[in-house]
Amino acid sequence: MAVASVAAALLAALGGALWLAARRFSGSSGQRRQGGGDPGLMHGKTVLITGANSGLGRATAGELLRLGARVIMGCRDRARAEEAAGQLRQELGQAGGLGPDATDGQLVVKELDLASLRSVRAFCQELLQEEPRLDVLINNAGVFQCPYTKTEDGFEMQFGVNHLGHFLLTNLLLGLLKSSAPSRIVVVSSKLYKYGDINFEDLNSEQSYNKSFCYSRSKLANILFTRELAHRLEGTNVTVNVLHPGIVRTNLGRHIHIPLLARPLFNLVSWAFFKTPLEGAQTSIYLASSPDVEGVSGRYFGDCKEEELLPKAMDESVARKLWDISEVMVGILK
Ligand SMILES: NC(=O)c1ccc[n+]([C@@H]2O[C@H](COP(=O)([O-])OP(=O)(O)OC[C@H]3O[C@@H](n4cnc5c(N)ncnc54)[C@H](OP(=O)(O)O)[C@@H]3O)[C@@H](O)[C@H]2O)c1
């Protein structure tokens with residue numbers, strides 16, 4: 001009897017594993033969709049990607065390089081960034097994906113800590129001195145549900161990095177983006193924006209801190225920022241769009257504690273159901289490179305298609321107020 005039960009359990013486990021594997025390899029969550037056969041699509045274009053050493057940013061960098069772009073990786077840790085850059089060069093070289101002019105200059109690492117306004121300013125100053133053009137800015141870096149910490153300037157970490165650091169970065173680079181037009185800004189948000197609100201009375205979460213709410217709030221801020229910026233950029237030929245990548249297997253969950261015994265199950269589920277970084281990066285790549293979205297601005301995308309937003313993400317007065325307060329917080333009020 002016991003033997004029969006064990007055999008049944010083993011058969012069930014095997015069946016489950018086969019089903020998960022079949023699901024994983026059915027290609028349902030999408031492989032490379034854009035530019036698969038057009039390695040010259042981004043030739044002559046310079047792209048800046050924040051947080052390009054890991055997860056979605058790294059996958060986006062690899063694919064845009066493959067499409068011929070010159071890619072600047074804006075990363076907070078030079079060693080991690082150089083390691084990722086070395087791997088990208090190797091992967092692309094092996095795949096024969098680097099064009100004839102793909103020297104080291106095609107992939108550039110620069111230090112950028114979005115938790116420090118000083119670092120953002122220094123980064124922009126150097127970039128503006130060195131780069132004659134910037135065709136695409138991808139605001140990708142993010143921190144997720146970290147314990148309560150503050151940035152160098154005293155902002156709650158998730159709001160500070162995900163929204164305010166990118167807010168200053170974008171504003172300081174707008175002149176170069178305008179002079180390089182037609183150019184694009186791509187903002188990586190999350191569907192979890194739905195659970196956030198912009199509580200103007202406690203933006204630094206000093207009265208109370210809920211790590212999930214603060215992540216969602218920062219991702220709602222990404223969308224409101226995009227929509228307000230799209231208004232401000234009308235007529236400039238600089239577009240800005242925002243996306244959610246879906247659920248992707250990256251290092252984003254580094255602050256989430258999963259009990260040791262539950263880890264194998266979590267790994268199996270994430271392997272079966274989460275997107276790979278390259279799958280998750282498809283919408284970023286699409287918005288950065290596809291001719292389909294030329295001139296499209298202020299929209300929200302998922303899986304390379306436009307999606308609807310909740311009313312709270314389209315509230316123009318909240319978007320304007322957030323913009324005005326962000327200007328004061330990062331010190332660029334005219
Ligand atoms: N993965 C998902 O399921 C998912 C879902 C929805 C939205 N997103 C969004 O996708 C974006 C990319 O995340 P990911 O999933 O690729 O996670 P990831 O693998 O953890 O990558 C995040 C990147 O952001 C960088 N970063 C964090 N803090 C920074 C700072 N202060 N200054 C500069 N860079 C900083 C990280 O650098 P280090 O490596 O040095 O830490 C890393 O390069 C995020 O905006 C995230 O909110 C992800």
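The side chains of E82 and R78 meet in a salt bridge, at 3.0 Å from N to O; the term denotes a side-chain nitrogen of Lys or Arg within 4 Å of a carboxyl oxygen of Asp or Glu. Before I continue, please note that this is a predicted model, in which local features need pLDDT of at least 70, side-chain atom pairs count only at pLDDT 80 or more, and totals for chains, interfaces and linings use all residues. Residues are numbered from 1 along each chain as its sequence is written, and side-chain values use heavy atoms, with hydrogens and water left out.

Where do E82 and R78 lie? Both belong to helix α3, residues 78-94, and they are four residues apart, about one turn of the helix. Helices here are DSSP runs of H or I with at least four residues, strands are runs of E with at least two, and both are numbered from the N terminus. E82 is partly exposed, with a relative accessible area of 36%, and R78 is partly exposed with a value of 36%. On this scale, buried means under 20% relative accessible area, exposed means over 50%, and partly exposed lies in between, for a 1.4 Å probe and protein chains only.

The structure holds 15 salt bridges, and I shall present two others. The side chains of E156 and R217 meet at 3.6 Å, N to O. E156 lies in the loop between β4 (136-139) and α5 (157-179), and R217 in helix α6 (residues 211-232), so this pair ties together parts that are 61 residues apart in sequence. Are these two residues buried or exposed? Both E156 and R217 are buried.

Helix α6 also contains E228 and R232, four residues apart and thus separated by about one helical turn. Their side chains form a salt bridge of 2.7 Å, N to O. E228 counts as buried at 6% relative accessibility, whereas R232 counts as partly exposed at 38%. As for shared partners, salt bridges join R78, E82 and E111 into one network.

I close with a polar contact. Which residue does the side chain of N251 contact? The partner is the side chain of S54, at 3.0 Å; such a contact is a pair of N or O atoms within 3.5 Å, where within protein one must be able to donate a hydrogen and the other to accept it, and residues adjacent in sequence count only if both atoms are side-chain atoms. N251 is found in the loop between β6 (238-244) and α7 (263-273) and is partly exposed at 46% relative accessibility. The C-alpha atoms of N251 and G55 are separated by 6.4 Å, although these residues are 196 residues apart along the chain.
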